[in-house]
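Here is a chain to read piece by piece. Have the sequence and the fold ready.

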Amino acid sequence: MGSASHNYDAGVAAVVERSPIAHTTLGRLRGTVEGGVPVWRGVPYARQPIGQRRFRAPAPAQPWTGVRDAVEPGPIPPQGRSFVGGGRDDPKVRDEACLTLTVWSPDPTASLPVMVWIPGGAFVYGAGQLQLYNGSRLAGNGNVVVVNVTYRLGVFGGFELGSLGPGFDDNLALRDQIAALQWVRDNIAAFGGDPNRVTVFGESAGATSVLALLASPAGAGLFHRAIAQSPALPLIADVETRAERAARFVDRLGVDPTGDGEAIKLQPQRELRLAAGLVQLDSAADTPTLAYGLTHGVELLPHHPIQAARAGAVHRVPLIIGTNSDEASMFAWGKPPMLPTSPPRVEDYFRRRAPQARDAVLAAYPGYPRRRAAVAVGGDVMFAAPTWAFVDAYSAHAPTYLYRFDHATPTLRALGLGATHGSEIVHIQHSYSSYLGRRLHPLGRRLPPAVGRRMQRTWLAFATDEAFGADGLHWPRYDTGRRATRIIRTGRDIVVDDPDVMRRTAWAGVY
């Protein structure tokens, strides 16, 4: 392809070498080549959900004539400020018309494996266009096609209003992701991708979505491998809980929800976001069932992923899944009410959710009620404990590989955060030039750390169906007899059987 005269991953303005044209089923798209990798930005995968399409399931995108430019990122979903997307190179435009993709392909004439990234952000923040998720290095280093999905968030996609009747569809964020995967199935060959070798991967709310896709009948055949980094399964609630939140939302708005919801759909964006945000604050008292998230008990997602895995009602594809060893440390800084990271909130959590399990669980955290132990409880409530329950069930049906990410950068160690939530992302994407990446690994743009090289190679080997062990480490399949877990460390990784046995066993009494 030739090489650019500037290094795009180093944060320097990209130099366009050529204008690659992709012939999709909807029309022709003109992209650019940045850092040696062709990229198409702002690619619509569905009709934009504006006007009467507010709160409705995504409809197929409409075709166009001529050649459409795909060189600028689409707008990100409406959201507040976030340190994840706080860099100067991150898109600033926010709009409801946000259903777009970014595609990187090292060889548009080939038939390469595909990796589809679903970003996280608690169904409130995030977008596939953020530089933290820049897929150019992953695509170029691994010879894979990378697709980043942007889907509806907040009140427009992550807040369940399906109970309000006609005019409102459920699980809009998940429906958007399914529409994006359908677009990949129908169009990725035009970018050099193989629609029969698709790996879907994501972190936090994105990983939660990956597990929901495994449990959704609508996900059948759309992907063939899956990676879930730090899923937050308590973000998936039952339909009754979501209906109660929707009723609170309507009360906050003070409008009539009957008919086709016209009165709600015509509300200004600011009023809708404010009402949903107030319900979110109210819901924090019901930790960790928040107002934003996905909904089970409906046709699109009949069962919670843990229940679906136990019943075998999942798509049986190979899965990598894991959590970080200090998931809640970052959240403990801000002391959010939705995560029990202090003794009073931990006690309140058990009083309301599992009083019979309180003593057995807390006995697995030596030092409680000291701060470090309380923070560890909060991390396990939201991330590790439900992941252990899911992986025990899912591994009976498909090849499953469990990891625990222990690496902490010098910056994170100095801040007392350790291997905090989301800190593994830069190592998989090699997005060391992003706003967050520069702070975590100032030298990573020139010399990716060894942990990053290992992680990216391992994720790529999984997505391309190559054997694990390029670094000499055998990663065994997970099963409930051994519970082999890959511990990802600053130095060489190791495999340990059931490394968190005391905590896992204690939480089994809850799940």
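Questions and answers follow.

This is a predicted model: local features need pLDDT of at least 70, side-chain atom pairs need pLDDT 80 or more, and totals for chains, interfaces and linings use all residues. Residues are numbered from 1 along each chain as its sequence is written, and side-chain values use heavy atoms, without hydrogens and water.

Reader: How many helices and strands does the chain have?
Author: Both are DSSP runs, numbered from the N terminus: helices are H or I with at least four residues, strands are E with at least two. The chain has 17 helices and 16 strands.

Reader: Why is the chain said to be as compact as a globular protein of its length?
Author: Take the radius of gyration over C-alpha atoms, and the globule rule as 2.2 Å times the number of residues to the power 0.38. The rule gives 24 Å for 511 residues, and the chain is close to that, so it is as compact as a globular protein of that length; its own radius of gyration is 22 Å.

Reader: What percentage of the 511 residues is buried?
Author: Buried means under 20% relative accessible area, with a 1.4 Å probe and protein chains only; exposed means over 50%, and partly exposed lies in between. Of the 511 residues, the buried share is 60%.

Reader: What is the strand order in the open sheet of three strands?
Author: Two strands pair if DSSP finds at least two bridges between them. The edge strands are β1 (21-23) and β5 (67-69), each pairing on one side only. Pairing in this sheet is mixed, and the order is β1-β2-β5.

Reader: In β8, what is the bridge partner of Trp104?
Author: Strand β6 (residues 100-104) and strand β8 (residues 145-149) pair in the antiparallel sense over four bridges. In β8, Trp104 has as its bridge partner Val146.
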